Every structure is written in C-alpha cells, then in structure tokens.
Amino acid sequence: MDGSIFLGIKFFGESKILEELQIHVEKHHIKATDAISLKKWAYDNRIIEFVVVREGRLLFDLKIQEGIVEDGIQLLTNWEKGYTNVIEFADGNANVQLYDGRNERCHDILLGISLFTGLVLGLTVLMSGIREDVDYICYLEREVEKIGQGNLSANIMVEGQDELAKLAQGLDIMRKMLVYREEKEHEMRVAQDKLVLGMAHDLRTPLTGLMTYIEILRKQENEGKVSREYIDKAFDKIFQIRALSDQMFEYFFVFSKEKIDLESAEEVESAFGDYMSELLALLDYVGFSVNAKKIVWRPILVQINRNYMGRIINNLVSNIRKYGDMKQEVCLEFFYLSDKVGISITNGIALSDSHINGTGIGLKNVSHMMYQMNGCVEIPEMEKVFRVILWFPVIKDFDLM
C-alpha cells in the first residue's frame with residue numbers, strides 16, 4: 001500500500017513526530033531523495049532509524065553514511081505491507097520508517113525506577129532487620145549490666161537461631177551457672193555455720209567435764225588424796241577434745257582440695273586388703289568382734305587415693321568406737337555390681353547415757369573424700385543399726401602394661 005509509514009516498535013508520541021516531519025517537509029519543500037535535509041532533520045530530532053521507501057525501492061536510509069541510495073535498491077515485494085502512514089514529499093508520496101529511541105529511553109527510565117524502588121525496598125528490609133538486631137544487642141547489653149550488678153533472677157530472652165541467639169543462650173547459661181554457684185556457696189556457708197556451732201557445742205561438753213574433773217582433783221589434792229578414777233576421766237575428755245579438733249582440721253583439709261591424684265588401677269584385693277586388715281586390727285584392739293566371712297576378692301579393677309583411704313578407715317573406726325554397740329558383731333561385706341564395688345560395714349548403735357549426738361563431721365569428711373575418688377557413700381536409715389557402704393567405680397578397659 002503506497003504512502004504507509006511502518007514503525008517497527010510503537011512508541012508514545014508517534015503521531016506527533018510524524019506530524020512534525022510532514023510540516024518540516026512541506027515548509028522546506030524536501031524531496032524523498034534529499035538525503036542531506038532528511039539527515040539534518042533526523043539529527044536535530046534525535047532520530048535513530050529513518051528509512052524512506054517508494055514503490056518497493058529504498059530512497060533514503062539514515063544508517064548509510066551519506067543517506068543517498070543511488071537509483072534505489074529493489075526491496076522485497078511484500079516489504080511495504082506493514083506500513084500504515086504516508087508522508088507527502090515535494091516529489092511525491094513515500095513510505096517512511098523512523099524511530100527516535102523513545103522506547104529505550106522509557107525502558108531505561110522504567111528500569112532505573114525499578115532498580116531504585118528495589119534498592120529502597122531492600123534497604124528498608126535490611127535496615128528493619130538491622131534495627132531489630134541493634135535493639136536485641138541493646139537488650140543483651142542491659143541484661144549483662146543486670147548480671148554485673150548481681151541481679152540474676154530474670155531469664156534472658158532467646159530469639160531466633162542466629163549468632164545473637166546463641167550469644168543470648170550462652171549468657172543465660174552463664175546466669176544459671178552463677179545462680180547455681182551462689183546457691184551452692186550459700187548452702188556451704190549455712191553448712192559451715194551449722195558445723196561451727198555444732199563443733200562449739202561438742203567441744204563445750206568435754207571441756208565442761210574436763211574442768212569439772214580437774215576441779216575435783218584439785219580439791220582431792222588439798223585433802224591429800226587424788227582419785228585415779230577422775231584422772232582417767234579427765235584424760236578421756238582430753239582425748240575427746242583432741243579427736244574433735246582432728247576431725248575439724250581434717251574437714252578443712254579435705255574440703256580445701258578441689259582435685260586429688262588417684263593411684264594406678266589395681267585389683268580389689270590389692271587396693272583394699274591392707275585397709276581391711278587394719279580395720280579388723282583396730283576394732284579388735286578396742287574390744288569389738290568382727291565378722292569378715294563375707295569379704296570376697298574378685299579380679300575387678302578400682303582406683304583409690306591411699307592417703308584418703310587411711311583417713312576414711314580412721315573416721316569409720318572412730319564412729320564405731322563412739323556410737324557402736326560392743327555387744328554386737330561388726331559385719332564386713334563386699335558387693336560387686338556391673339559398674340561399681342561396695343564395701344559394707346554394719347554394727348548396732350549403743351544407746352547408753354554417754355552417747356553423744358555429734359555434728360557428723362567424720363561422715364561428712366568420708367563422703368567428700370569418696371566424692372573426690374569418684375565414688376560415693378551410702379548410709380541407709382535403719383533403726384538401732386549403723387551401716388555405711390563405700391561405693392567405688394569399676395575401671396574397665398584399663399591397660400595394665
């Protein structure tokens with residue numbers, strides 16, 4: 001169709017630029033082959049593509065250096081079918097294809113707007129996340145200040161699973177450990193205060209008796225006769241005071257050590273044989289009968305500290321002498337479980353008038369020494385029966401070489 005204008009890509013303001021071209025052509029009487037005028041107009045109006053075609057022949061092309069096409073180039077017969085507009089040149093109508101790049105500019109503008117919008121949204125989201133992190137860090141800072149001031153009652157809030165959440169979790173664990181330590185220290189202070197008061201009471205009783213017996217001896221001396229009975233009683237009170245002072249010294253000695261060295265693993269008979277013999281000898285010496293028929297040795301490995309084992313035997317002998325019933329046998333027995341070995345010592349409790357309700361410092365010392373040897377003490381509550389079981393862990397997969 002003659003006189004149609006083909007625009008490869010439709011763009012905003014298309015009809016206006018065509019009108020401007022028509023006016024310019026009419027005003028300056030420009031022909032379709034006037035390459036110089038058409039090229040100048042195209043540059044002035046920032047046209048990127050400008051092609052003039054008539055009857056299937058190319059008359060002008062902005063992309064050709066001079067713009068002039070000699071005699072025209074024969075184009076395909078169907079090349080003009082897409083053209084819909086006409087420009088009236090001074091030498092007749094012609095088909096025109098032009099494009100000013102406005103689509104690209106619009107595309108670039110839209111792309112810029114999209115990038116800017118995306119950047120703003122991204123920064124907004126990022127700043128929102130950063131703000132939340134900053135607020136959380138400020139919260140953790142306040143909680144750390146509270147912990148530093150000694151306020152350990154409030155839990156630390158843990159949010160999410162990122163590094164800050166792990167930090168908050170670690171702070172909360174630290175807070176709980178501090179609370180636990182404070183509770184343990186408080187319990188220890190209470191126990192020590194109770195121990196000191198109990199020891200003061202226990203010391204006062206034999207001291208009062210000692211002073212009484214010495215006063216009697218002084219009177220007897222003035223009368224010219226001194227009773228051996230009161231001298232023996234005075235010495236007995238002195239021994240009681242000495243025993244209590246030794247236990248107190250041992251208590252602070254044992255509890256002042258956080259860790260001890262254990263001997264190499266050895267079989268039960270090698271580890272406990274000498275101590276059982278010593279226990280039998282000491283109890284027999286002070287008048288107790290001992291039943292050791294249930295002591296059975298097995299090839300089981302254990303680890304002990306020899307210094308602590310000696311102290312434990314002395315404490316147990318002291319307790320049996322103080323509270324045991326000499327009319328009943330002291331029964332010794334070994335127990336073997338899959339993961340531990342037990343030494344049981346059982347005796348009746350004497351209920352005489354001389355019975356002393358002590359602080360139990362000796363058994364406290366035994367319990368702590370067993371704990372430091374990775375064992376424990378079991379003292380079942382039985383009426384009129386004193387029983388203590390020392391449990392030692394079994395050592396497995398130990399290379400004796």
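Start by selecting Ile 130: at 36% relative accessibility it counts as partly exposed (buried is under 20% relative accessible area, exposed over 50%, partly exposed in between, with a 1.4 Å probe and protein chains only). You're in a predicted model, where local features need pLDDT of at least 70, side-chain atom pairs count only at pLDDT 80 or more, and totals for chains, interfaces and linings use all residues. Numbering runs from 1 along each chain as its sequence is written, and side-chain values use heavy atoms, leaving out hydrogens and water.

Ile 130 sits in helix H3, residues 102-148 (helices are DSSP runs of H or I, at least four residues; strands are E runs of at least two; both are numbered from the N terminus).

Next, jump to the largest nonpolar core, with 36 residues, and pick out Phe 272 and Phe 334, two of those with the most contacts inside it. Such a core is a set of buried Ala, Val, Leu, Ile, Met, Phe, Trp, Tyr and Cys residues joined through side-chain atoms within 4.5 Å. Helices H6 (268-285) and H7 (306-323) are among the elements giving it two or more residues. Apart from it lies another core, of 21 residues, including Leu 18 and Val 52.

Now for salt bridges (a side-chain nitrogen of Lys or Arg within 4 Å of a carboxyl oxygen of Asp or Glu). Show Arg 306 and Glu 266, which pair at 2.7 Å, N to O. They link distant parts of the chain, helix H7 and strand E6 (residues 266-267), 40 residues apart. Arg 306 is partly exposed at 32%, whereas Glu 266 is buried at 14%.

Last stop: Asp 44 and Lys 40, bridged at 3.0 Å between the closest N and O atoms. Both are exposed.
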